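Me: I have a model open and I'd like to learn how to read it. Can you walk me through it?

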Amino acid sequence: MKRSIVMATALTVTWSLPAAAQTKDANAEFEKFRAEMEESNPAELFELKGEELWKAKRGPKNVSLAESCDLGQGIGKVEGAWVKMPRYFADADAVMDGERRIVWCMTEKQGFKFADIAKKPFQGANDNNAPDITNLVTYVASASKNMKFDMPLHDDKVRDAYETGKAMAAYRAGPYDFSCNTCHGADGKRIRMQNLPNLSSPEGALRGVQGWPGYRMTGGVMLTSQWRMNDCFRQQRFPEPKYASQAVTNLIAYMTGNANGQMYKGPGIKR
Amino acid sequence: MADPMKIRAQMKGDVAEIRILMSHAMETGQRKDAAGNTVPAHFIQSITIDVGGKRVVDGQTGTAISRNPVFGFKMKGAKAGDKVVVNWVDNKGDKRTDEATVA
Amino acid sequence: MKNYIVTIPAAVAVTALLAGCAGGPSRSEAEYRQLALDTIKRDFQAKGQAKYERLTADELQQACNAHANNPPPELAAKLAGAQLATVKLPADDKYLGDWKSGEKIAQSGRGFTWSDKAENPAGGNCYNCHQIGPNESSFGTVGPSLLGYGKTRGNSPEMQKYTYSKIFNAKAFNLCSEMPRFGHAGALNEKQIKDLVALLLDPASPVNK
């Protein structure tokens, strides 16, 4: 029998070039490949699992998020919720980003223990599966695909989160005197070949919030904004921001506020 | 039980564009875990794709393909409404079949 | 689990009465800086070698933070003097080490993160931000290009001393520079800094070819 040769026009290959072999051309080539992959982003696999989790009755209280969790647009409503967070939630008396809000619903509505979720909130390199919370975040984010970021910055509490996040981004400390802005405060900067978005600009902030949740082809893992903030502080030589804390929400509010009015393309795909 | 695939099949003119996302670890058998033990090879080794009742792909795959692989191709001779059936089997005998309809 | 309660620090609570116009910030920049600091201190935790104390800004960091990296001249002059005084020059008065070893140090981005082992030596992280040698095309642009550094500046004893001091404590020359204070922070030792000085200044180094 004749085996077909029609196979793959686009295989997700995980690659690692020696640093010295990377050039600007390689960057441009990779960008083309990445754009092509947006059409078949493996993030969709995590969306599917997230949707199942959203609708399933789970946790000690045996309720689904679909029947209990209000992301700001009404109980169970996910369409357009992602691009309108962070926002203020009166029931929690806090401004929350999307991931933090889902965690809140899981603890308050479903009865999960926060410590259990926070124990391993991110997919490790080469872990076969992403944590439930990552799948849920990916599902909720995907339900805002092709909608404009519309964080309610006119709300004083959201504004406070935004301004505090802005001040946090400028805060220098630690052995290397770094702040977020050391790398992300000006246009056209790179660490090695990695382009660094200027998070104070609308374009740069959009890159920040567009990227996460995102599928990272290296290692084949799905990662969220909460993870991105966490790993940035590692590289900043800081201690660790607590998972789903106000500190992380503030930074996400700062970026989302700067990205307001621009189109969200749905979960990202990254090198 | 393997996770579902995501299949997208769409007519663009007289050409059908088919893209399939598969959820699979695709372990090469070369990698070591944190404890230094080799992670056993675990990969999809055969894939079949039927469109409108006709087998269009019958292929073998190996460990050179990444985790969560994406397969995309274009074909002539399909029409809207045709059923797309994708089937894979891995080296541990785990398998998965999913369907979609050409739009 | 009450992780979600926002406690507004007392220092800021008194100013919350200030009428905020809708859509704009309701507090001053200084108040947001304080709120940011309080949030960081509450919401960060030690991990690996990254101890909690790292969150506390030292005198120089505080001045840069409080003045958007541009402290008033009097304060700046005082702090610059204090930073220069931290520079420990080599006892043997020799500044040029081995440029080949310097290249390796410049390449390494290791050190000081919570995932680095504290007992392993830190790298210089130099290529992360600077172009340096002509054979490394993967370099960052946070700092200026150093290609041809010695060729354009010469290799005088003064230049050697300046370059050593700059790597030891960049803030002695540019108070709120983005560059870490490698010697002052204990990231690089005397020999490592000498090797980097050689990478930049040795006429035999590819940087100056």
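Reply: Let's go from chain contacts to salt bridges and then to helices. Keep in mind that this is a predicted model.

Me: Fine. Which chains share the most contacts?

Reply: Start with who touches whom. Two pairs of chains are in contact, and chains A and C share the most contacts. Chain B and chain C do not touch, and their nearest C-alpha atoms are 14 Å apart.

Me: How many residues of chain C and chain A are in contact, and what area is buried between them?

Reply: Look at residue counts and area together. On the chain C side 66 residues are in contact with 54 residues of chain A. About 5100 Å² is buried between the two chains, with carbon and sulfur atoms giving 53% of that area. For the polar side, there are 33 residue pairs in polar contact, counting pairs with both residues at pLDDT 80 or more.

Me: Which elements of chain C supply residues to the side that touches chain A?

Reply: At least two residues each come from helix 2 (29-43), strand 1 (44-45), helix 3 (59-66), helix 5 (99-107) and helix 6 (126-129) of chain C. Helix 2 gives the most, with nine residues. By residue type, this side of chain C divides into 30 nonpolar, 23 polar and 13 charged.

Me: How many salt bridges are there between chain C and chain A?

Reply: Here you look for Lys or Arg nitrogens within 4 Å of Asp or Glu carboxyl oxygens. The count between chain C and chain A is six, while a search over all chains finds 31. One of the cross-chain pairs is A:Arg192 with C:Glu136, whose closest N and O atoms are 3.5 Å apart. That pair runs from the loop between strand 4 (189-191) and strand 5 (194-196) of chain A to the loop between helix 6 and helix 7 (149-153) of chain C. Another salt bridge joins C:Glu178 and A:Arg172, at 3.7 Å between the closest N and O atoms. There's a network of salt bridges too, linking A:Asp177, C:Asp58, C:Lys171 and C:Arg181.

Me: Why does A:Arg192 count as buried?

Reply: Check relative accessibility against the cut-off: buried means under 20%. A:Arg192 counts as buried because its relative accessibility is 15%.

Me: Where do C:Glu59 and C:Lys78 lie?

Reply: With any salt bridge, ask what it connects. C:Glu59 and C:Lys78 form one with closest N and O atoms 3.6 Å apart. C:Glu59 lies in helix 3 and C:Lys78 in helix 4 (residues 73-84) of chain C, so the pair ties together parts 19 residues apart in sequence. Both C:Glu59 and C:Lys78 are exposed. Now take A:Asp231 and A:Arg228, which meet in a salt bridge at 3.6 Å, N to O. They both lie in helix 9 (residues 225-235) of chain A, three residues apart, about one turn of the helix. A:Asp231 and A:Arg228 are both buried.

Me: Is helix 10 of chain A largely enclosed or exposed?

Reply: Count the buried residues along the helix. In helix 10 of chain A that's 14 of 14, so the helix is largely enclosed by the rest of the structure. From first C-alpha to last, helix 10 (residues 246-259) reaches 20 Å, close to the 20 Å expected. Just after helix 10, A:Gly261 takes a positive phi of about 90°. Compare helix 8 (residues 202-211) of chain A, where seven of the 10 residues are buried. What covers those buried residues includes helix 10 and strand 6 (214-216) of chain A.

Key:
Residues numbered from 1 in each chain as written. Chains lettered and ligands numbered in written order. Predicted model: local features only at pLDDT ≥ 70, side-chain atom pairs only at ≥ 80, totals over all residues. Heavy atoms only, no water. Helix = DSSP H or I, 4+ residues; strand = E, 2+ residues; numbered from the N terminus. Expected span 1.5 Å × (residues − 1). Buried < 20%, exposed > 50% of the residue type's maximum accessible area, 1.4 Å probe, protein only. Contact = heavy atoms within 4.5 Å. Buried area = accessible area lost by both parts, 1.4 Å probe. Salt bridge = Lys/Arg side-chain N within 4 Å of Asp/Glu carboxyl O. Polar contact = N/O pair within 3.5 Å; in protein donor to acceptor, adjacent residues only side chain to side chain. Nonpolar A, V, L, I, M, F, W, Y, C, P; charged D, E, K, R; others polar.
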